Every structure is written in C-alpha cells, then in structure tokens.
Amino acid sequence: LVNKFSADLSVDVNVHLNELEVVSFYSSKRITFHRDQSYSPEGEFCSNNCQKQHTCTCIFVVGDDRVLEFQLFWGKKKVNHPEAQRMIRLTNGALFFLHPKDEEDCLRQIFQMNNQTHFKHRNNGVKEKGVQLSVGLVFRTCVQTRTVYKGTGQLVLDSEPTETTHRCKRKLNAYEKCWTKNLMDECLKKKYLSTKERHYR
C-alpha cells in the first residue's frame, strides 16, 4: 500500500516499516495538537528524530471509532481558514497514512499566505458513551537503535548499569575523594552535586 505513493517523489517508498508502536485511546485520554516529527524554528527536519525523513506513518485502527483532528499552524498560531481544519473518523479496520508533507513547514498556495505553515493533529478520546476503546497499531521506518536484552527483547533502561553509567560512577568517585572542606571549592561542589543528581535520580 505504501508503494501507491511511488509517483510522489516527496515520499521515500524504498524502505521497510521496521517499528511498531501500540497506542490506545479511551473516553478520558487526550492528546493535544502535535507533530510526530521535530522541526527547527527555521523548518528544518531535526537530526534527533527517530523516524526516517520523507517516510509515511501507517496506522491500523482496531476497536471503537475515534476522530483524528488536523489543524494548520503558522508558527504557534492556528490558521483561520475554511480548509485549515479537518476531522477524520477512524473506524475499526481503517488504515490511515500520515503523509510526511503534512507536518513539514512549506508554502501552501491554497491558503494564499506568504508564510510557511504546517499541520498538527490531536485526538480527544473516544466520543461514544460507555466503555469504549480504540487501539492504533502505528508502523514507522525507524533509523535509530535501542539496546535490548538478547533473550527477551526487553528494552534496557537508562537507569540500568551500562558502560556509560560505570564511567560516570568512576568520575563521581574521583570527585568524592577530593571533596573535603580544604581541597574542594564551592564551584566544584556544585558541579559534583549537579552531576550526581543527573545520573542517579
């Protein structure tokens, strides 16, 4: 299905969807307006994004209906235009594609603006009464890696000992050895405390 975008040169279809994220929505769960990818104030794609640039996000919907709302923004301001807002009802079994151009900052001639704009989206939960649940299976092309346990595939958390943690611990131990009233000035004390708090909180 992604290959249907093959005629669209702005979408990279020569990639695999290698990441799956499961998101759930119920009556009280809200997600405010946001973009899945980060962009600089100048509209450049940020290097810290885990998703590959120019690729689609594919969402398979299971469960009760929910409404996905799109809003056009100029910077942090909403654009007031009849075409600047869209509501998309996601039903059980629906397959939704988020086009990468929607979130990019660019000139959109239909709005007759000389400024770059972008779309954000949000979800206000499941609208129907009673116990309702909508689940989204979100497929992306991820370019970052994570450390997991080989036997279980469980993610290794930052709080668990890694080589970086051991290096930080050795450095903190060196600070502790010289932390005396006579040898350590106030500046070094503050540096030690801030480093300790950052790595051990």
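Arg-86 is partly exposed, because its relative accessible area is 42%; the term covers values between buried, under 20%, and exposed, over 50%, with a 1.4 Å probe and protein chains only. Its partner in a salt bridge is Glu-83, and the closest N and O atoms are 2.4 Å apart. A salt bridge here is a side-chain nitrogen of Lys or Arg within 4 Å of a carboxyl oxygen of Asp or Glu. Glu-83 is partly exposed as well, at 32%.

Before I continue, a word on the source. This is a predicted model, in which local features need pLDDT of at least 70 and side-chain atom pairs count only at pLDDT 80 or more, whereas totals for chains, interfaces and linings use all residues. Residues are numbered from 1 along each chain as its sequence is written, and side-chain values use heavy atoms, with hydrogens and water left out.

Let me stay with the charged pairs. Side chains of opposite charge can pair when their charged atoms come close. The structure holds eight salt bridges. One of them joins Arg-35 and Asp-105, at 3.1 Å from N to O. Helices (H or I, at least four residues) and strands (E, at least two) are DSSP runs, numbered from the N terminus. Asp-105 counts as buried, at 16% relative accessibility.

A further salt bridge is formed by Arg-140 and Asp-36, with 3.4 Å from N to O. Here too distant parts of the chain are linked: Arg-140 belongs to strand β9 (residues 134-140) and Asp-36 to the loop between β2 and β3, 104 residues apart. Arg-140 is buried, at 12% relative accessibility, whereas Asp-36 is partly exposed, at 26%.

I turn now to the aromatic rings. A search of the whole structure finds three aromatic pairs. Rings of Phe, Tyr and Trp (its six-membered ring) pair if their centres lie within 6.5 Å; planes under 30 degrees apart count as stacked, over 60 as edge-to-face and the rest as tilted. Phe-33 and Phe-73 are edge-to-face, with 5.6 Å between centres and 70° between planes. This pair joins strand β2 (residues 31-34), which holds Phe-33, to strand β4 (residues 66-74), which holds Phe-73, 40 residues apart. Phe-33 is buried at 15% relative accessibility, and Phe-73 is buried at 6%.

Tyr-39 and Phe-45 also form an edge-to-face pair, because their planes stand at 80°, with the ring centres 5.6 Å apart. Of these two, Tyr-39 is buried, at 15%, while Phe-45 is partly exposed, at 21%.

The search finds one cavity of 30 Å³ or more. On a 1 Å grid over the protein atoms alone, a cavity is a set of points where a 1.4 Å probe fits but cannot get out, and lining residues have an atom within 4 Å of a point. The largest cavity has a volume of about 100 Å³, a volume being the space filled by probe spheres set on the points, which are joined across faces, edges and corners. Of its 14 lining residues, the closest to the centre are Gln-37, Gln-51, Thr-55, Pro-100 and Glu-103.

Definitions and conventions
1 Å grid on protein atoms, 1.4 Å probe; cavity = no way out; pocket = protein on both sides within 12 Å on 5 of 7 lines; lining within 4 Å.
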